Amino acid sequence: MARLALMAAAVVLAFLAAVPVTEVAAKRWIVGDNKFWNPNINYTIWAQDKHFYLDDWLYFVYERNQYNVIEVNETNYISCNADNPIANWSRGSGRDVVHLNVTRHYYLISGSGGGCYGGMKLDVLVEKPPPPPTAAPIKNNARRAFSNFGFAHQFVIPVAVFTMIGTMWDAVLRFC
């Protein structure tokens, strides 16, 4: 029974080692970069060359007694109206985060201190992350080289996988 369990574990580990893992990490954007969330900054220009993806974070740094971060609809974004907010992201510290957890437009303004009229407004479109890159195709020259040695239509397993399988097999034989 123990021998079967060890063999199953070895097969699973070999499979996991052979399968490439792709990971897309969420990004934390400091709004305004080193100018932060302040008046007289064009946040449309700041955001224009950026891609905001699902599960990214917007990090707002500002003077806590003067400004805030309010989410509004598009109409209120255009008119700088904070009377009917969708969400108030301000927590009182002047260091607030907005988790972009839905693919949609986020319309964010500063609803106090006249900040929105001074340019403190940000419109971001959150997208799904792009698919991971695909492996580059093998060039014809490489296929011809392999075909000369009889490998043209065979699956070639990397040496590291053979080494790992051999090491695990050795461990299975020692423990059984």
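This is a predicted model: local features need pLDDT of at least 70, side-chain atom pairs count only at pLDDT 80 or more; totals for chains, interfaces and linings use all residues.
1. Residues are numbered from 1 along each chain as its sequence is written, and side-chain values use heavy atoms, leaving out hydrogens and water.

2. Asp56 belongs to strand E3, residues 56–61 (strands are DSSP runs of at least two residues, helices of at least four, numbered from the N terminus). Asp56 is buried (under 20% relative accessible area with a 1.4 Å probe, protein chains only). Even so, Asp56 has no salt bridge (a side-chain nitrogen of Lys or Arg within 4 Å of a carboxyl oxygen of Asp or Glu). The nearest side chain of opposite charge, that of Lys27, is 7.5 Å away.

3. Leaving aside residues up to four places away in sequence, Asp56 touches Ala26, Lys27, Trp29, His51, Val98, His99 and Leu100 (heavy atoms within 4.5 Å).

4. The whole structure holds 1 disulfide (cysteine sulfur atoms within 2.5 Å). Cys80 and Cys116 form this disulfide, with their sulfur atoms 2.1 Å apart. Cys80 sits in the loop between helix H3 (74–79) and strand E5 (87–88), and Cys116 in the loop between strand E7 (105–109) and strand E8 (121–127), 36 residues apart. The link of Cys80 and Cys116 is left-handed, with -75° about the S-S bond.

5. Both ends deserve a look: Cys80 is buried at 13% relative accessible area, and Cys116 is buried at 4%.

Conventions
Buried means under 20% relative accessible area, exposed over 50%, partly exposed in between (1.4 Å probe, protein chains only). Lys and Arg count as positive and Asp and Glu as negative; His and the chain ends are not counted.
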